[in-house]
Amino acid sequence: MHVELTLKFPRIQKKDASILRGIYEQRRAIFFGVKYLGNNDLREALLYFKKCSQKNKSYSSRGLYGECAFFKGAIYLEQKKWTEALNALNTAKESSSFIDRYKVTNNYTYAKSTELIKSVKLELKKVELKKKQDAKKAAERKRVADAKKAEEKKKAAERKRVADAKKAEEKKKAAERK
């Protein structure tokens with residue numbers, strides 16, 4: 001007995017094919033980004049994560065986009081680029097709800113992003129505080145320098161007045177001698 005089994009697969013539309021191709025490209029970029037991250041090559045890893053998180057592509061998976069944003073945020077944190085890190089981690093936090101198949105990844109990305117966002121905000125506050133302190137110190141140095149200049153001008157004016165008075169005295173004495 002010979003049984004012939006034929007399977008009929010639905011035809012893949014061009015739109016669906018481009019979506020699958022895009023998701024494949026995103027996964028590939030994540031793979032290489034993580035690989036370079038493991039080798040501590042942050043610059044190369046960041047290039048792959050940026051490629052993965054290009055939002056303007058119509059086929060990008062929002063869940064994968066969130067993962068890429070999370071890794072970008074972690075790299076920016078390592079590089080102490082606080083504003084970029086905050087933006088990337090906020091994006092990861094917002095996108096984490098789209099990671100349906102990997103609930104563990106979803107929860108981890110959300111929790112870790114939330115935790116890192118707090119630390120980035122703390123670092124940003126420290127940077128702001130340091131800027132304010134530096135500005136106060138600079139203003140104080142300027143005030144002291146201006147006060148010294150004013151004191152020097154006063155002393156120079158006093159010396160000139162004394163010199164002019166001596167000249168006037170000498171002229172008076174010279175006029176009396178004649």
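Trainee: A polar contact is a pair of N or O atoms within 3.5 Å, one able to donate a hydrogen and the other to accept it within protein, with sequence neighbours counting only if both atoms are side-chain atoms; what does the side chain of Gln26 reach in that way?

Mentor: A polar atom of the Gln26 side chain lies 3.0 Å from the backbone oxygen of Cys52. This is a predicted model, in which local features need pLDDT of at least 70 and side-chain atom pairs pLDDT 80 or more, while totals for chains, interfaces and linings use all residues. Residues are numbered from 1 along each chain as its sequence is written, and side-chain values use heavy atoms, without hydrogens and water.

Trainee: Is Gln26 buried or exposed?

Mentor: Gln26, which lies in helix H1 (residues 14-38), counts as buried because its relative accessibility is 3% (buried is under 20%, exposed over 50%, partly exposed in between, with a 1.4 Å probe and protein chains only). Cys52, whose backbone oxygen it approaches, is buried as well, at 1% relative accessibility.

Trainee: And what is Cys52 joined to?

Mentor: A disulfide (cysteine sulfur atoms within 2.5 Å) joins Cys52 to Cys68, with an S to S distance of 1.7 Å. Cys52 lies in helix H2 (residues 42-52) and Cys68 in helix H3, so the link ties together parts that are 16 residues apart in sequence. The angle about the S-S bond is 65 degrees, which makes the link right-handed, and Cys68 has a relative accessible area of 0%, so this cysteine is buried. The structure holds one disulfide.

Trainee: Stepping back, how many helices and strands does the chain have?

Mentor: There are five helices and zero strands, in the order α-α-α-α-α along the sequence (DSSP runs numbered from the N terminus, helices being H or I of at least four residues and strands E of at least two). Of the 178 residues, 24% count as buried. Among contacts (heavy atoms within 4.5 Å) with a separation of 6 or more, 56% are between residues 24 or more positions apart.

Trainee: How many salt bridges does the structure hold?

Mentor: Four salt bridges are present (a side-chain nitrogen of Lys or Arg within 4 Å of a carboxyl oxygen of Asp or Glu). One of them pairs Asp134 with Lys130, the closest N and O atoms being 3.5 Å apart, and these two residues sit four residues apart in helix H5 (residues 103-177), about one turn of the helix. Asp134 is partly exposed at 33% relative accessible area, and Lys130 is partly exposed at 48%.

Trainee: How far apart are the closest N and O atoms of Asp146 and Lys142?

Mentor: For Asp146 and Lys142, which form a salt bridge, that distance is 3.1 Å, and the two are separated by about one helical turn because they lie four residues apart in helix H5. Asp146 is partly exposed, with a relative accessible area of 37%, whereas Lys142 is exposed, with 53%. Arg161 forms a salt bridge with Glu158, whose closest N and O atoms are 2.4 Å apart; these residues are three apart in helix H5, hence separated by about one helical turn.
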